[in-house]
Amino acid sequence: MGVSIVPALKVLKPAARIVVVAIVGIVVGYFANAAFFPGTQPAQPIAFSHRIHAGDNEIPCLYCHVQARRSISAGVPSVNKCMGCHREVAADRPQVRLLANYWENREPISWIKVHDLPDFVHFTHKRHVAAGIECQTCHGPVETMEVVSREAPVKMGLCLDCHRKNEVQHGTDCWTCHK
Amino acid sequence: MQTEERQLQFTDIHNDVVRSLVVTGRKYYITLGCAIVLMLACFFFPWFYQLYYGIGAAGMNSPTVWGTYLASFIFWIGLSHSGTLLSCVLHITNSQWRKAMYRSAEAMTLFSLMVAAMMVMVHLGRPWFIHWAVPYPNQMGLWPNFRSPLLFDVMAITTYLTGSSIFIYMGSIPDFAAVRDRTAGWRHHMYVLLSLGWRGTDTEWHRLGWAYTFLAVLIIPLAVSVHSIVSWDFAMSIVPGLHQTIFAPYFVVGAIYSGTAGIVTVMFVLRKYMNFEQYITKLHFDNLGKLLLVLSLLWSYINILELFTGWYSGTSTEYEQLKYKLFGFYAPLYWEMILFCGVAPLLLISNKFRTSFVPMLLLSIAINIGMYTERFLIIATTLSRQYLPESWRVYVPSLVELSIIVGSVAMFVTLFLLFVKIFPSVSIYEVKETMKIPKRKGIPEWQATH
Amino acid sequence: MSIWDRFASGWREFRKDGYYEEFDYAWTMTIDLDRCTGCGACVTACQAENNIPIVGEEQLERGREMQWIRIERYWEGEYPNAKLKFIPMLCQQCDAAPCETVCPVTATYHNQDGLNVQVYNRCIGTRSCAVYCPYTVRYFNYNDHHWDAPLEQQLNPDVTVREKGVMEKCTFCVQRIRQAKDHAKDDGRRRVRDGEVQPACVQTCPSEALVFGDRKDASSRVSKSMSDARAYRVLDELNTQPSVVYLKKVDADAD
Amino acid sequence: MANVDRREFLKLVGAGGVGAGAGFMLAESIKHPVEYLIPYPVPPEEFSPGIATWYNSVCGMCPAGCGISVRTREGRAKKIEGNPLHPVNQGRLCALGQAGLQVLYNPDRLTGPMIQSGQRGDDKFVKITWEDGLSRTAERLAAARRDGISFLSQGVRGHLAELFELFMGELGSDRLLHYDFGHPHALYAANRKFFGEHQLPYYDIRNTRYLLSFGADYLTNWLSPVHHALGFGHSRQGNDGHRGRFVQIEPKMSISGAAADEWIPARPGTEGFLALGIAHHIVADGRYDGDDAGKWRASLADWSSDRVAGLSGVSEETISRLAREFAHAEPALAIAGGAAANHTNAVDTLVAVNALNYLVGNIGKAGGVVFNPDPVTGGSVIDRQANYRTMQNLIENARDGNIDVLIVNNTNPAFTLPRASGFREALAAIPTIVSLSSFMDETTLMADVLLPSHTYLEAWGDDMPQPGVGFPVGAISQPVVAPLYNSRSTGDIILGLAGKLGFNEAIPWTSMEDFLKDGWRQIYERGRPESGDFDAFWRDVLVSGVWGENARRDDSVVIAPGVIEGLAVSAPQFSGERGDYPFILHSYLSTAMYDGRGANLPWMQELPDPMTSIVYGTWVEMNPVTAKDMGFRDGDLVTVTSRFGSIEAPVVTFPAIMPDVVAIPIGQGHNALGRYARNRGANPIEILAPETDSASGNLATSATRVALAATGRRAAPVKTGGESRQLGRGIVQSTGGRSGSPGHSAKLNSIPIVVESA
């Protein structure tokens, strides 16, 4: 009649093993999903390349996203605006033809949002542009991206750190950003 | 009962207790099954429905935004005060009669605390964010509100839960060892683990005794503080009828009161269905009866005091609240409470009553019903009579709420049934201490003494 | 700055004396009961501005109305000398708010504008703030509300739609205040002008019973009307120090 | 890990697999849903996402004609506020006006033209195209007899009214009627009779010091409630020094009654006597010193206060006190409306009230009665307003088969006419009914062709508020959002029909907008020989949303000859014997739903009735004592029976109503009009007796007697309020003194105020 707990532990070993393996499995599965199907880089209706526009041709962000200067939302350029250049420029490229189709049918393009904030967040581009914050601070190096993907984790932590770093007036008051 | 005349032997204790753990009849399984089914059907199903639909599934309204969930919460917290607190006090005062019943009493503490915690989850509007009430570093740079009595609650209860679980576990280590040595198979392994390799050397006994007493002393103030803090959830508001300095003692007394009644109930059950007639005796019921009597008098005193404050304040708010409580919509419940918790316990004056089992059982149950009513009234009668008369509205619990009350009881029973099969529900070694040393041939006096 | 320091400093900040004097603004509303006709325009205006759900008859029957500003009515006397007096009741934005102390997760607190903040996405629904509020002006989302299409097209994009299990209440139309500050910044002004921002109820009140403004600015309309001899605050004896000031009704028969 | 046998291994693999799967699903389940970002192909000018655009327009919820400015975001209307520039509401708006958004976005709107596919009334319709719908209607119109065409519209003003005139003129039919339940016919008649005035005067509540209101609920529904509320507020606390005093005389306390300093219950229908009694006093005391004082004294001789007291149940001293106060206060103003203007002697009553105004000499004075100039356009609408008699006439014609086509525009007589009028039956006799309504209301339910019109937030139009505010005012209503559905503006529909019928030379316009512009060009060029820049003017009017002209009337008081001699008030007639029908039914326009048009707006359904805090439903208000005597408790369901029918509603004891009067709000009791309105409450209009006021042909809605009987059932109305007594808690505090003079510091405990330096 041993009183040592070691043999008892031995008995539990297989069960313990299974549990451990299962937990490891869960972790692996979770991160596998996050890694291979992040959903931060959706396929857009038109394979629009920011690298070509903002990168190679150095078109300023605010040229197309003109709203960002004066509105809470940066907005995406209207089909009309795109056609403004693309009537001449690169009119023969397949993707641009696709655009032209949209234009001829007066059909809106349903882009998929890459950077999307929860509905209870009040974020105004205007103020941040006015404060001279680079678009890249939150959107990442878009001008280098063929397909836009969410680089920075657009979460409360990001906002707070920046607000604290720059000592924004009442930058940490809930009602500054939450509505 | 001639069984009590019979001279108990140490081995009897071992055998009885181990039997209670190992030998399991069909009755037990049936009860356990019923309890589990009831728990699932009456607690978890309605709760999940409520999670899906929203708190609207309950009967609460504006301004009565709290309801039976919180009442149940207080009730279970209250019930938890029976065990550990009582057993600590008695341990320190070194009263012998405690020893047969304290284990199950402490178990009650544990389980009622767990059920209480569940009631909090049920009460919350968005329980999936409960972790925000816990202080931990996070990217939101946010902390819980340390001014909030509710937060005190969270802390007090967790501490109490930890304390009392350690207490009960430590107390039963020698018994685990004892059972370990009398079982085989998986049970043996289990008890090997649980007994942490207890050998029963003098050092071990000494350390156990010391630590045990130490914890006992530690837990008493804790227990008192827990229910004081629960009372602050209410007393710290400025709601007429809740904003009272008497509330902390009121709640503590009420808690011990309902707890003690709870013990009586449980002991009756153990005695009857686990055949512990020899260990749980008239003596215990007698003593607990006396305790109950004292507590009920205290309770009545505080109640009268509460009414007095209301009347004496002379303000319309307090006065209306008082009127409402005594003669308003909930008046029948109020008088039921007075009958069960204030009047009926006076029977305990008679020795005969205290020492007769069934009446004690009925009384204890009555008391706990009364105490639940009290907790319900504390919420219902005050919140529905807030400051602005235009917002007055009566609150009636919904079916979901009622079934969750039933379900919570089922949950408690389930836990307890599992407990009696894992823990020696009567402390083997302490019962032995109460017994006089058996004289046996061949064993010299000095050897038999401890 | 370690987390602990941050927490401690926040705590010190809160404990400091003269906490209230350091507000940027002290938004205040006065309600002239002698002007108020109880018509209920403010109620609907508030519903329209703040996405207040359509509760439905069944829920109203269970006593779960949602009106951040409501009209309370009090009768005096009996026929033929019966009198009916109205009083609009909304969150009093107390400077010493009982609701703020009790929330375990700081979902409600006092911010630098003297506003009693309610952060919907932080709320876990203990409902204790509603219990502690002596004015019963906090409303709980007992279930998810929905708008029959296309009614949802009216919803105000500047205000969240609250989900089930969340407490909500009058915000003094913080979205309008936010916008006014935004404009002020655009014009390079440090402060919002008096009358530049008005909550929906104040804006619409047909008898101009409601006045809104910053009481730190002594020249503002609200400061003037606060200094009227008729000024009083509901349940003042509780010393919650509301930011909503009422002006007594003038009634010849009153003492 | 050495000793892993095969079974063990499989177990492990299984565990791992299951775990991984679970983890994957977990991550999947907490992913953010995909959202889209869809730009315009061609963005409209002045549109930018995230920035609100405001449009000025005109409120179409009630006949007051307030100016509104609508906030739109991303092309959707978000909020309606009053237009600060509009002289009528000056930036303010009532609850009903706020709820206009729910008219626009109502889930029960008609989405396109339809035709009746089943029996009338059983709500079976099939969609058709506009082309089809218009030509069908045009055919019917062409085929119809000239005078067999009847056009029944809600009260519209401005150019739309002109268009109707033109259209009907071309059709050659004179059966153009504007019908509103609440239209103050008696008031018009009385003013015509007393002053010979065609338009209503402007009652200057703002500047008056003493308002004597005979039953006029001027704060809720009488004429222009928002404007009156503004005036009320100003008169109360707006000007330092003095505070206006308000007296309300009515059988059941209305909102205005609650707001008044003094509420005096007078027997229903005897308000006129009271007015004369007061007038008698004034003249007798020699307060009036006009040269025709003798005539007055003579004609008022037999209205001594003791007699009037006997008739009206108001004590003699009260009458004399009122007379004194009224005569002393300068200026004082007397108005009458509501129940007082809906008895069989309404015109007499209102004339008597006018006499009061005349006697204290407040005509044309600030704080008195100010005459309005004719509106710049559509002034003749008044003559088109259908009173009960004209409706009766229409109904008889319909019964006799003289009506071939009936066009109904957004008015709902099937709901707002008593059952006894036989309107619904008459509809059956009309071969073709065309409805232009935007909703499936009771009348539209009977229509054969549905040509749904825009809501007022989608359509072009204009409005000349009546009564005006003393000078000509016009406001243009422009579309604030793109049309939601396949509906058209009323004007366009009419123009479309005109086109189909080939009225091109008389009605050349193709769109309401053009018609409107031309109309306003005329207004612009009036008295302007050289043609200026009309487009600039047009833009200005659109931006400001309102146009005004400083053309006030002179103050010369002309009272029509013979009124003084003819001054008398006949006794009110009631339908039903006191014995069988002990109560007088006082049905009033509800705060939220007006005449029932608000019943399909959830906000209005959930707006607690200010007096009782009841939402959703109808109720019967009774004096507590009477209720007790009859053994009724709050919430007992009772049948209210008149000679012409009965309805069911729960009893609500109401402290401020006369013992022999029961009051029921109008607005509920629809059997159509969408999910929010249908089968809810009861409609008191149904059981009204077809009594009319002979002088104005107005339906005497207060002339019905009813009996109450318990049903034994209970149906407690849903209330948002609890106990409505203060219990001495000082929640609503009052002061006896006059308005506190500024500068006084209030008794507030320490509100922290830090005064900014400069």
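In chain D, the centres of domain 2 and domain 3, taken over C-alpha atoms, are separated by 27 Å. The model is a predicted one, in which local features need pLDDT of at least 70, side-chain atom pairs count only at pLDDT 80 or more, and totals for chains, interfaces and linings use all residues. To find your way around, residues are numbered from 1 along each chain as its sequence is written, while chains are lettered from A and ligands numbered from 1 in the order in which they are written.

Chain D is split into domain 1 (114-178 + 380-463 + 473-548), domain 2 (185-370) and domain 3 (583-719), with bounds that come from an automatic or database domain assignment. Helices (H or I, at least four residues) and strands (E, at least two) are DSSP runs, numbered from the N terminus. Nonpolar covers Ala, Val, Leu, Ile, Met, Phe, Trp, Tyr, Cys and Pro, charged covers Asp, Glu, Lys and Arg, and the others, Gly among them, are polar.

Staying in chain D, look for an open sheet of 3 strands in the order 18-19-20, with antiparallel pairing. Two strands pair if DSSP finds at least two bridges between them. Strand 18 (461-463) and strand 20 (546-548) of chain D are the edges, each pairing on one side only. Strand 19 (residues 473-477) of chain D joins strand 20 of chain D over 3 bridges, and V473(D) has G548(D) as its bridge partner in strand 20.

Now hop over to chain B. Helix 4 (residues 83-92) and helix 8 (residues 202-235) of chain B pack at about 130 degrees, their axes 9 Å apart. Axes are lines fitted to C-alpha atoms, for helices over the stretch in contact, and angles run from 0 to 180 degrees between N-to-C directions. These two helices of chain B are therefore oblique to each other: under 35 degrees would be roughly parallel, over 145 roughly antiparallel, 65 to 115 roughly perpendicular, and the rest is oblique. Their contact has 9 nonpolar, 3 polar and no charged residues.
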